[in-house]
Each structure stands twice: as C-alpha cells, then as structure tokens.
Amino acid sequence: MQRILVVDDNEDILEVIKLVLEDYGYEVLTLSDGLLLPGKINQYKPDLILLDVMLGNTDGRELCKKIKSDPVTHGIPVILVSAGHNLADRLKLSDSPDDFIAKPYDIHELLDKIHTHICSAA
C-alpha cells in the first residue's frame with residue numbers, strides 16, 4: 001500500500017483528505033504541525049507528501065526546499081497546496097516541489113496528480 005503524508009494546519013481539511021485518500025486505497029498519515037515533518041518523514045517513509053504552503057508555524061515552501069535538498073528525501077514527490085492561485089506562477093517547479101494544486105481543489109485532479117507522481121517515483 002502506498003503511503004501519503006498530508007501536512008495542513010486545518011484539521012477539517014486533514015480529516016476529509018484522509019478519508020478520501022484511504023477510500024482510494026492509500027495509507028495516509030496526517031500532520032498539522034509542519035515543524036514535525038522531518039521526523040515524521042523518517043518514521044513514516046511516505047511515497048508522496050501533500051504539503052500546504054501556508055502553515056501556522058512555518059512555510060511549506062521552506063519545508064519543501066529542505067526535503068528536496070536532503071539526499072535521503074529528495075526523491076519523495078512533493079505536491080504543494082495553497083489557496084494562492086497565482087503561486088504556481090511564482091514557483092519554479094523544477095527547483096522545489098514536483099507539482100502544485102490550488103485550493104479549493106477538485107478531488108479528481110488531486111487524485112490524478114497523486115497517482116502520476118507516485119507511479120513516476122516507483
């Protein structure tokens with residue numbers, strides 16, 4: 001079973017995403033505190049990380065850069081999620097996240113992106 005680590009400071013979003021992704025056969029771990037992400041990556045060993053940009057105590061873009069600059073975790077696909085619709089234009093997707101999705105997002109689009117990145121990483 002493929003593992004997804006979802007990081008968002010909104011507990012309601014975490015609950016809904018967890019239910020949806022589990023219904024589609026993924027094993028899901030949710031995390032509301034971005035500062036705990038490095039330790040959880042080492043423990044959980046996710047196949048993909050779904051990471052909100054605007055976390056209460058940290059910036060998801062900075063967390064993504066740390067993931068991608070670490071030789072141990074750089075191969076884990078990271079999809080950044082944000083309500084800022086023009087964020088994708090400001091990000092150099094080749095430099096940091098593997099993909100981006102804007103909130104509110106279509107569940108089917110999210111599932112397609114997850115499937116694409118998990119399959120390409122395998």
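In what order do the five strands of the open sheet lie, and is their pairing parallel or antiparallel? In this predicted model, the order is 2-1-3-4-5 and the pairing is parallel.

View 1. Among contacts with a separation of 6 or more, 56% are accounted for by residues 24 or more positions apart.

View 2. The five strands form an open sheet, in which strand 2 (27-31) and strand 5 are the edge strands, each pairing on one side only. From one strand to the next, the twist averages 20°. Strands of a sheet pair through backbone hydrogen bonds, in either a parallel or an antiparallel manner.

**View 3. Strands 1 and 2 with the helices that pack on the sheet.** Strand 1 and strand 2 run parallel and are joined by five bridges, and Ile 4 stands opposite Val 28 in strand 2. Helix 1 packs on the sheet, where it touches strand 1, strand 2 and strand 3, and its direction makes about 170° with that of strand 2. Helix 2 also packs on the sheet and touches strand 1, strand 2 and strand 3, its direction making about 170° with that of strand 1.

**View 4. The largest nonpolar core, around Leu 5.** This core has 18 residues, and those with the most contacts inside it are Leu 5, Val 7, Leu 37, Ile 41, Ile 49 and Leu 51. Two or more residues each are given to this core by strand 1 (3-7), helix 2 (37-44), strand 3 (48-52), helix 3 (60-69), strand 4 (78-82) and strand 5 (99-102). Apart from this core lies another, of 17 residues, among them Ile 79, Val 81, Leu 110 and Ile 114. Leaving aside neighbours within four places in sequence, the residues in contact with Leu 5 include Leu 29, Leu 31, Leu 37, Ile 41, Tyr 44 and Ile 49.

View 5. Asn 10 is found in the loop between strand 1 and helix 1 (11-23). Because its relative accessible area is 30%, Asn 10 counts as partly exposed. Asn 10 and Asp 33 are 23 residues apart along the chain, and their C-alpha atoms are separated by 9.8 Å.

Definitions and conventions
Residues numbered from 1 in each chain as written. Predicted model: local features only at pLDDT ≥ 70, side-chain atom pairs only at ≥ 80, totals over all residues. Heavy atoms only, no water. Core = buried A, V, L, I, M, F, W, Y, C linked by side-chain atoms within 4.5 Å. Buried < 20%, exposed > 50% of the residue type's maximum accessible area, 1.4 Å probe, protein only. Helix = DSSP H or I, 4+ residues; strand = E, 2+ residues; numbered from the N terminus. Contact = heavy atoms within 4.5 Å. Pairing = 2+ DSSP bridges. Axes fitted to C-alpha atoms, helices over the stretch in contact; angles between N-to-C directions.
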